[in-house]
Structures are given as C-alpha cells and as structure tokens.
Amino acid sequence: MRLIILGPPGAGKGTQAERLAQSRGIPHISTGDIFRANIKNETELGLKVKDILASGGYVTDEITNEIVKNRLDEKDAANGFLLDGYPRTAGQVVALEEMLAAKGQALDAALELTVDGEELVQRLLKRAETSGRADDTEEVIRERQELYVRETAPLAAAYTERGLLVQVDGMGSIDEVEARINAALDEVAAKN
C-alpha cells in the first residue's frame, strides 16, 4: 500500500507508523528522519537543511520534494510505503501525486489519527515529565497543537476531496488503535 499518516503531536503517529510499516511490509519514510540523518552525516543536503533550520526557516517544498522523490525511487519503496511528515503543504500534495503518476501509481489512503485535544496535552505533559523535556510546557504544547491544526486542516481537506482521507480514532491503547488502523486499511484494500 502507498500511504501517508497524519496526526498531531502526541497522537501516537510514530509508534503506529512503525507498527504499520512492519505489519504491511513497507518502509516507514519520515522526512524528519531523512533530514536528521543528512545533517548528522554532513551531506550536501544536510548542510543546506542545517543552515535553513538554524536560521529558523522552513525547508522549501522544492528541497523536500526532491528528497521524497529520491527516497521513493529506492527499491524498497517500489511496492508501497508509509510517508510520515510529508506532504505538509498543498504544493507537496500535488508534487506527490505527480511523482506517483509518473510511475503509474497513486496513493491508497491518507490516514489521520484523531485524538481529543485535552488528551493530547495530558499525554505530552506526561511525556515531558518522563523524558525530561523542559521545553514541553503546557503553553508550548498548546501552541504546537494549534499550529498543527492550521497547517494540516488544508491537507485533510485535500485528501477528503480526493476520497483518500481515512480518519482513525487514536484514543485507547496502542494495540486498540493499531487494530482500528488495520481494519480501516483492510476496508480500503477491499475497495481497490
């Protein structure tokens, strides 16, 4: 399957993405991980991205699209993938469609984990406590949630228009959420 996963900070997206990729036998492709690996290895791309992030800027769609295209051209992504952290803009939605169309492919679904806002705040405050993240104050967490909603709402709308958005309740245990995701994807697979 060719999938993207959306979800606010604290929704369990990373955990579910890893489980989903493993159970479906597809690579979990996180643009954040790709950026961090390139920065760590001081590649040409990494140095470019590091300078952009150090100045407080955003990595451009052009750079991000190129990174994703190169990653999707790798052999392990030929039969499917799970994109995490991409697309983030309307332009990236279109770029991804064009990348896939050039290969005669299309997305199967855009999964969105939905979690109650107050539950997210509590989860992240607890995570901050246990991981020692002093910057994860309630104010910062709420600000990130609002930013996520503003940035992601247009993506959810775009994938709803395309008939690809699959919302899954992210409340409950990790296993319960995983079971709901798999049931939803089995439905998608049955339709295709």
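The legends below describe several close-up views of a predicted model.

**View 1. Ala78 and the loop that holds it.** Ala78 is found in the loop that runs between helix 4 (61-72) and strand 3 (81-84). With a relative accessible area of 37%, Ala78 is partly exposed. When residues up to four places away in sequence are not counted, Ala78 touches Arg2 and Gln105. Arg24 is 54 residues from Ala78 along the chain, and the C-alpha atoms of these two residues are separated by 13 Å.

**View 2. Arg2, a buried residue of strand 1.** Arg2 has its place in strand 1 (residues 2-6), and although Arg2 is buried, it has no salt bridge. Why does Asp108, the nearest side chain of opposite charge, not form a salt bridge with Arg2? Asp108 is 4.6 Å away, whereas a salt bridge is counted only when a side-chain nitrogen of Lys or Arg lies within 4 Å of a carboxyl oxygen of Asp or Glu. The side chain of Arg2 does reach the backbone oxygen of Ala78, at 3.2 Å, and a polar contact of 3.2 Å joins the side chains of Arg2 and Gln105. Leaving aside neighbours within four places in sequence, the residues in contact with Arg2 include Asn79, Gly80, Phe81, Leu100 and Leu107.

View 3. Helix 5 (residues 90-102) has 13 residues, which at 1.5 Å a residue should span 18 Å, and its end C-alpha atoms are 19 Å apart, which agrees. Which residues of helix 5 are buried? They are Gln92, Val93, Ala95, Leu96, Met99 and Leu100. These residues cover an arc of only 165° around the axis, and they therefore lie on the same side of helix 5. The buried residues of helix 5 pack against strand 1, helix 4, strand 3 and helix 7 (138-161), while on the other side of the helix Ala90, Glu98, Ala101 and Ala102 are exposed. Just after helix 5 comes Gly104, which takes a positive phi of about 75°.

**View 4. The salt bridge between Lys13 and Asp84.** Side chains of opposite charge can pair when their charged atoms come close. Lys13 and Asp84 form a salt bridge in which the closest N and O atoms are 3.2 Å apart. The pair links distant parts of the chain, since Lys13 is in helix 1 (residues 13-24) and Asp84 is in strand 3, 71 residues apart. Are these two residues buried or exposed? Lys13 is buried, with a relative accessible area of 18%, and Asp84 is also buried, with a relative accessible area of 9%.

**View 5. The salt bridge between Arg24 and Asp186.** In the salt bridge that Asp186 forms with Arg24, the closest N and O atoms are 3.0 Å apart. Asp186 lies in helix 8 (residues 174-191) and Arg24 in helix 1, so this pair ties together parts that are 162 residues apart in sequence. Asp186 counts as partly exposed at 45% relative accessibility, and Arg24 is partly exposed with a relative accessible area of 25%.

View 6. Arg71 forms a salt bridge with Asp76, and the closest N and O atoms of the two are 2.7 Å apart. Arg71 counts as buried at 16% relative accessibility, whereas Asp76, at 43% relative accessibility, counts as partly exposed. Elsewhere, salt bridges that share partners join Arg19, Asp175 and Glu178 into one network.

Methods: Residues numbered from 1 in each chain as written. Predicted model: local features only at pLDDT ≥ 70, side-chain atom pairs only at ≥ 80, totals over all residues. Heavy atoms only, no water. Helix = DSSP H or I, 4+ residues; strand = E, 2+ residues; numbered from the N terminus. Buried < 20%, exposed > 50% of the residue type's maximum accessible area, 1.4 Å probe, protein only. Contact = heavy atoms within 4.5 Å. Lys, Arg positive; Asp, Glu negative; His and termini not counted. Polar contact = N/O pair within 3.5 Å; in protein donor to acceptor, adjacent residues only side chain to side chain. Expected span 1.5 Å × (residues − 1). Arc of directions from axis to C-beta.
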